[in-house]
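Please look over the sequence and the model shown here before reading on. The paragraphs below then lead through the structure.

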Amino acid sequence: MPPPPPPPNMAPPPGYVPYGGPMMSAGYMGRIGGLTKWLVALLIGSLVLNLLSLLGQLFARDAAADFLEGAISAGEFNDKLVLFGIAALVGLAVSIGQIVVLCIWTYRMIKNHDALGRHGRSFSPGGSIAVNLLGGCTLGILNFFMWREIWKGADPDTAPGDPSWKQRAASVLPGIQLGLTLAGVAAGIGLGVANSGFTTIRINNQSNVDLAETLEDQFALIALSGALGIAASVVFIMYVRQVAARHMKATREA
């Protein structure tokens with residue numbers, strides 16, 4: 001009998017890269033699970049402080065009205081505002097820790113995109129640090145584009161090396177956060193300050209009378225700006241948790 005025919009060519013087509021293949025393991029995969037927990041904790045801490053500040057301004061408004069009417073002295077008015085000074089110092093410490101962890105977290109995720117074969121990125125690992133530190137100068141617009149790209153790069157259903165990763169759908173959360181942030185900035189401009197809220201008013205070194213009048217006359221704008229900032233923070237926390245889960249699934253981090 002003649003020998004059996006040779007087996008057909010079973011080689012994969014050119015350019016084929018199996019999921020989890022060599023391209024995925026070509027680089028070191030940094031873990032983000034612990035960083036994500038710290039970042040979410042700091043974001044929640046900042047959110048709670050902002051919420052307490054907003055509620056405290058409601059009570060400070062009554063003290064401002066009493067001061068303007070002469071019912072309490074300037075010293076008594078200042079005594080009622082001591083809590084806000086303490087909250088500002090705590091908030092500053094939380095904000096510093098938050099930005100440090102955020103820079104490391106973002107850097108590590110984008111660095112992992114190298115191992116995932118996400119080529120053609122608009123934001124480098126080092127560039128992400130600059131965006132986190134200076135993105136506020138662009139009213140969060142640069143951050144918006146970076147968060148969208150990070151979301152696409154973290155897609156666990158996109159094979160490593162697949163050049164179509166940038167055409168994947170992005171989360172709507174960065175857009176919602178940007179809209180809330182811009183609305184908060186608009187409310188802050190209505191107050192005549194760069195940022196909204198009680199702490200900014202104090203930093204501007206207004207006199208007791210000016211401060212009391214601001215709280216009395218423009219409380220609606222102060223409250224609106226603060227509420228928009230809180231809402232933007234809630235949306236960002238949701239984004240952080242969701243994009244971290246996608247990223248950990250894509251990198252197979254336990």
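What follows goes from the overall fold to single helices, and then to contacts between side chains.

This is a predicted model, in which local features need pLDDT of at least 70 and side-chain atom pairs count only at pLDDT 80 or more, while totals for chains, interfaces and linings use all residues. Residues are numbered from 1 along each chain as its sequence is written, and side-chain values use heavy atoms, with hydrogens and water left out.

The protein chain has nine helices and zero strands, where helices (H or I, at least four residues) and strands (E, at least two) are DSSP runs numbered from the N terminus. Read along the sequence, the pattern is accordingly α-α-α-α-α-α-α-α-α. Of the 254 residues of the protein chain, 42% count as buried; buried means under 20% relative accessible area, exposed means over 50%, and partly exposed lies in between, with a 1.4 Å probe and protein chains only.

Helix α1 (residues 33–68) has 36 residues and spans 52 Å from its first C-alpha to its last, close to the 52 Å expected at 1.5 Å a residue, the expected span being 1.5 Å times one less than the number of residues. At Leu58, α1 bends by about 25 degrees, a bend being the angle between axes fitted to the seven residues ending at a residue and the seven starting there. After α1 comes Gly70, with a positive phi near 85 degrees.

In helix α4 (residues 125–134), the buried residues are Pro125, Ser128, Val131 and Asn132. Seen down the axis of α4, these buried residues fall within an arc of 100 degrees, so they line one face of the helix; the arc is that of the directions from the helix axis to the C-beta atoms. On the other side of α4, Leu133 and Leu134 are exposed.

Positive phi values also occur in residues other than glycine. Leu139, in the loop between α4 and α5, has a positive phi of about 60 degrees although it is not a glycine, and at 40% relative accessibility Leu139 counts as partly exposed. Arg252, in the segment after α9, has a positive phi near 60 degrees, and at 51% relative accessibility Arg252 counts as exposed.

Next come the aromatic rings. A pair of aromatic rings is described by the distance of the centres and the angle of the planes. Rings of Phe, Tyr and Trp (its six-membered ring) pair if their centres lie within 6.5 Å, with planes under 30 degrees apart counted as stacked, over 60 as edge-to-face and the rest as tilted. By this rule the count comes to six aromatic pairs. One of them is the tilted pair of Trp147 and Phe236, with 5.3 Å centre to centre and 50 degrees between the planes. This pair links distant parts of the chain, since Trp147 is in helix α5 (residues 141–153) and Phe236 is in helix α9 (residues 219–251), 89 residues apart. Both Trp147 and Phe236 are buried, and ring pairs link Trp105, Trp147, Trp151, Phe236 and Tyr239 into a cluster.

Which charged side chains meet in salt bridges? The structure holds five salt bridges, a salt bridge being a side-chain nitrogen of Lys or Arg within 4 Å of a carboxyl oxygen of Asp or Glu. Among them, Arg31 and Glu253 meet at 3.9 Å, N to O, and this pair links distant parts of the chain, with Arg31 in the segment before α1 and Glu253 in the segment after α9, 222 residues apart. Glu253 counts as buried at 12% relative accessibility.

Another salt bridge joins Glu149 and Lys166, whose closest N and O atoms are 3.7 Å apart. Glu149 lies in helix α5 and Lys166 in the loop between α5 and α6 (173–191), so the pair ties together parts that are 17 residues apart in sequence. Glu149 is buried, with a relative accessible area of 9%, whereas Lys166 counts as partly exposed at 29%.

Asp155 forms a salt bridge with Arg246, the closest N and O atoms lying 3.9 Å apart. Asp155 lies in the loop between α5 and α6 and Arg246 in helix α9, so this pair ties together parts that are 91 residues apart in sequence. Asp155 and Arg246 are both buried.
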